[in-house]
Amino acid sequence: MEDGSVMSKEPQDNAEEGASERKIASQLTEGALIASGIRIGTNVATKHMKPFISRTREDGLNILDLSKTLSRIEVAGKFLSRFDPKKVMVYTSREAAFTPILKFAELTGVNFVTGRLLPGTLTNPYLPEYKNVDVVMLVDPAVDKQAIEEAIRINIPVVAICDSNNVTTYVDLIIPANNRGRKSLAMIFWLLARSYLISAGTLSPEEPMKYTPEDFETKLEEGASLED
């Protein structure tokens, strides 16, 4: 019996592109998952991320272990769903993640902040923008350092999407994935929303999501240059 986890039909991690159209979740094929670039890392591998790397391509790019990525997304979705949505904050300053975060917040009801995080957002209750939360989720620990520093000060857990080049010293729950590309970030947050809603009991495993992974994607403005 399907339990809602994409891991129940684990995709074969044996091709760069052109994977089968085999369904691995409602509204998602193996081919679409791999084509999103979710497992494409950088040409740097930190000691923190080496356990999540399956191999290194000839061009030097590290390929993240897709099964571990999917497993951690499931764990993160279940973990976040245990909190009051108003006590969860998702944050990034990375523009490619703005739409994915907006869609995720719409479906789950969690708090979110995009762009610049004002100092004291998590620590100063007198600040108009203050967020009284119990957990934060970040897109990239390297660029979202302000949120990590404040989370440490108030002793709340940090969930973060981490690429092969990330240092994860202050991350409590790592989601190993490509945290730079538009399509990858859309896929990550779509899968995370699905896991969250299924764990919260508001979506059945067979039920389609309100949005597709493509709907989660930040669209390029004319003349813009965001990573794919």
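**Close-up views of a predicted model**

View 1. Helices are DSSP runs of H or I with at least four residues, strands are E runs of at least two, and both are numbered from the N terminus. An α-helix has 3.6 residues a turn, so residues three or four places apart point the same way. This is a predicted model, in which local features need pLDDT of at least 70, side-chain atom pairs count only at pLDDT 80 or more, and totals for chains, interfaces and linings use all residues. Residues are numbered from 1 along each chain as its sequence is written, and side-chain values use heavy atoms, leaving out hydrogens and water.

**View 2. The length of helix α2.** Helix α2 covers residues 66–81. Its 16 residues should span 22 Å at 1.5 Å a residue, counting one less than the number of residues. The end C-alpha atoms are 23 Å apart, which agrees.

**View 3. The open sheet.** Five strands line up as β6-β5-β7-β8-β9, with parallel pairing; a pair needs at least two DSSP bridges. β6 (111–114) and β9 (173–176) stand at the edges with a single partner strand each, so one side of each has no neighbour in the sheet.

**View 4. Strands β8 and β9.** Four bridges join β8 (residues 158–162) to β9. The two strands run parallel. I161 stands opposite I175 in β9.
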